[in-house]
Amino acid sequence: MDFAELKIRLLALSTSSMCDADKNLRVLDPAIRPLKEGFKFVGVARTVSCHEDFLTVIRALADAQPDDVLVIDSQQSRRALAGELFATEAARKGLAAIVVDGAYRDLSAVKAMNFPVYARNVNPMSGTIENVFETQTTVSCGGVSISPGDILFGDDDGILVASTEELAKLLPAAEAIEATEARVLEKLKQSESLIDLLNFEDHWSAIAQGKSSKLTFDI
């Protein structure tokens, strides 16, 4: 599956549905949150590893291509490694998002933009621009390993990471999950009970007796 098709199909889903399809997916620490909610993105990891210095972030931003996600492992930096100017340039170049395991700044300006930025926290003090670190290496971001070329899929619930092959394999299951939940929501709107739409009592009884069981919708 090429990236264009993968992107279209993922953007029609939620990260929650993908996680329901595979509970072993890499998911970033929930402390890494969107600075502005309401976005959904799919992109290719372009990684940066640096500490208290954003010179290498500029290097990565200069090299980045459309649909890239700038993934910054700050190595527990306290100072901000990106801000309004970087988000503006990323949007101009057609990047998919910026994700920082660390601090961002210029929060008000970023919130006014139409571009997804995720960060662990906000700090007005920026890092230095005096040191060369690494780009396009495997990094740790939000507690998970991310390599150049990995696909990131994010929305308001968080960000998941996987290879193209992993995502392509999971898409049919995630699409089926969303289709089922859409039918359930319609029934709930018609005043049907959620419990009645599940095999809940049978599942509860089986689990209580130590038997193998699976909670499913019965529609």
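Reader: Which residues does Val-139 touch, not counting residues up to four places away in sequence?

Author: Contact means heavy atoms within 4.5 Å. By that rule Val-139 touches Thr-47, Val-48, Ser-49, Val-71, Asp-73, Val-144, Ser-145 and Ile-146, with residues up to four places away in sequence left out. Val-139 belongs to strand β8 (residues 139–141); helices (H or I, at least four residues) and strands (E, at least two) are DSSP runs, numbered from the N terminus. As to provenance, this is a predicted model, in which local features need pLDDT of at least 70, side-chain atom pairs count only at pLDDT 80 or more, and totals for chains, interfaces and linings use all residues. Residues are numbered from 1 along each chain as its sequence is written, and side-chain values use heavy atoms, with hydrogens and water left out.

Reader: Is Val-139 buried or exposed?

Author: Buried means under 20% relative accessible area, exposed over 50%, and partly exposed in between (1.4 Å probe, protein chains only). Val-139 has a relative accessible area of 4%, so Val-139 is buried. Of the 219 residues of the protein, 42% count as buried.

Reader: Where is Asn-123, and what does its side chain reach?

Author: Asn-123 sits in the loop between β6 (117–122) and β7 (134–135). Its relative accessible area is 15%, so Asn-123 is buried too. Leaving aside neighbours within four places in sequence, Asn-123 is in contact with Arg-78, Arg-79, Ala-80, Ala-103, Tyr-104 and Arg-105. The side chain of Asn-123 reaches the backbone nitrogen of Met-125 at 3.0 Å.

Reader: How do helix α3 and helix α4 pack?

Author: Axes are lines fitted to C-alpha atoms, for helices over the stretch in contact, and angles run from 0 to 180 degrees between N-to-C directions. Helix α3 (residues 55–63) and helix α4 (residues 84–93) have axes 10 Å apart, at an angle of about 15 degrees. Angles under 35 degrees count as roughly parallel, over 145 as roughly antiparallel, 65 to 115 as roughly perpendicular and the rest as oblique. Therefore α3 and α4 are roughly parallel to each other.

Reader: Which residues make the contact?

Author: From α3 come Val-57, Ile-58, Leu-61, Ala-62 and Asp-63, and from α4 Phe-86, Glu-89, Ala-90 and Lys-93. The residues of this contact divide into 6 nonpolar, no polar and 3 charged, where Ala, Val, Leu, Ile, Met, Phe, Trp, Tyr, Cys and Pro count as nonpolar, Asp, Glu, Lys and Arg as charged, and the others, Gly among them, as polar.

Key. Polar contact = N/O pair within 3.5 Å; in protein donor to acceptor, adjacent residues only side chain to side chain.
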